[in-house]
Amino acid sequence: MAIIDYDARAAAAFAAGRHLADDGLAAWRARVGQYVPDSTRRLLDLGAGTGHWAAAFRRWFGVNVIGVEPSAAMRDAAGDETLLAGDAGNIPLKSDFVDLVWLSTVVHHIPDLPAAAAEIRRVLRPGGLVLIRSAFAGRLDGISLFRYFPEAAAALDARYPSAANVSASFGTNGFTTIALEPVPQVTAPTLGALLETFDRAAHTPLMLIDDDAYARGLARLRAADPAQPVIDALDLLVLRAS
């Protein structure tokens, strides 16, 4: 069970407010490209959401991308992207099928990380990589949202796994941690632009706080300089299968 239920409204909010524009994607293309060898044939986008990253990987690297997403509403919002129904505990692929696995802002929704790591190991060929893009508990200083919503940061620290927790869960299932690095991204060109599509339903940490805390944070956000760029640093955790 995910932390929040991605219904049709949440899926629409996610598509409108969480997809990175080209400026934001550029930083991830450069960093992720270091871990996508020319020999990569199949890439699994696990927890693919509305297929935004699946489409990006296909454009960037010319690989066969298989998107797997548990939420029917998210799959319905994916447009031209065909996503398979499934989740981290039940991936609808045969063993040793993919060369690389990508998880973007999804690891906190996985209720049993060791079981998920075992299932990912099953579908990943030996020596393949897992790339996890996430906000991790205890590593939130680079995320601007939490300057305005400090209660959301506290909620995230209480509910999300740490990078060490994730590494340990994968480590017991045949993975070695290769890297943990922050990747600065342009989340929005300005704070004003961010506010144009801002929706609480698109941000899991904001769904974990009460309405009063959200209202206070939104007031702080609206009172800030609308011309300032929104630069955030999410982490990239890289693990290699044995």
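Reply: Happy to; here is a walk through the salt bridges, pair by pair. Keep in mind that this is a predicted model. The count comes to 8 salt bridges.

Let us begin with Arg31 and Glu181, whose side chains meet at 3.0 Å, N to O. Arg31 sits in helix H2 (residues 22–32) and Glu181 in strand S6 (residues 175–188), so this pair ties together parts that are 150 residues apart in sequence. Glu181 counts as buried because its relative accessibility is 18%, and buried means under 20%.

Next come Arg58 and Glu81, which form a salt bridge with an N to O distance of 2.7 Å. This pair also links distant parts of the chain, 23 residues apart: Arg58 is in helix H3 (residues 52–61), and Glu81 is in the loop between helix H4 (72–76) and S3. Glu81 is buried at 16% relative accessibility, whereas Arg58 is partly exposed at 34%.

Asp235 belongs to strand S7 (residues 230–241) and Arg139 to the loop between strand S5 (124–134) and helix H6 (145–148), so the bridge ties together parts that are 96 residues apart in sequence. Here Asp235 is buried, with a relative accessible area of 3%, while Arg139 is partly exposed at 34%.

Key
Residues numbered from 1 in each chain as written. Predicted model: local features only at pLDDT ≥ 70, side-chain atom pairs only at ≥ 80, totals over all residues. Heavy atoms only, no water. Salt bridge = Lys/Arg side-chain N within 4 Å of Asp/Glu carboxyl O. Helix = DSSP H or I, 4+ residues; strand = E, 2+ residues; numbered from the N terminus. Buried < 20%, exposed > 50% of the residue type's maximum accessible area, 1.4 Å probe, protein only.
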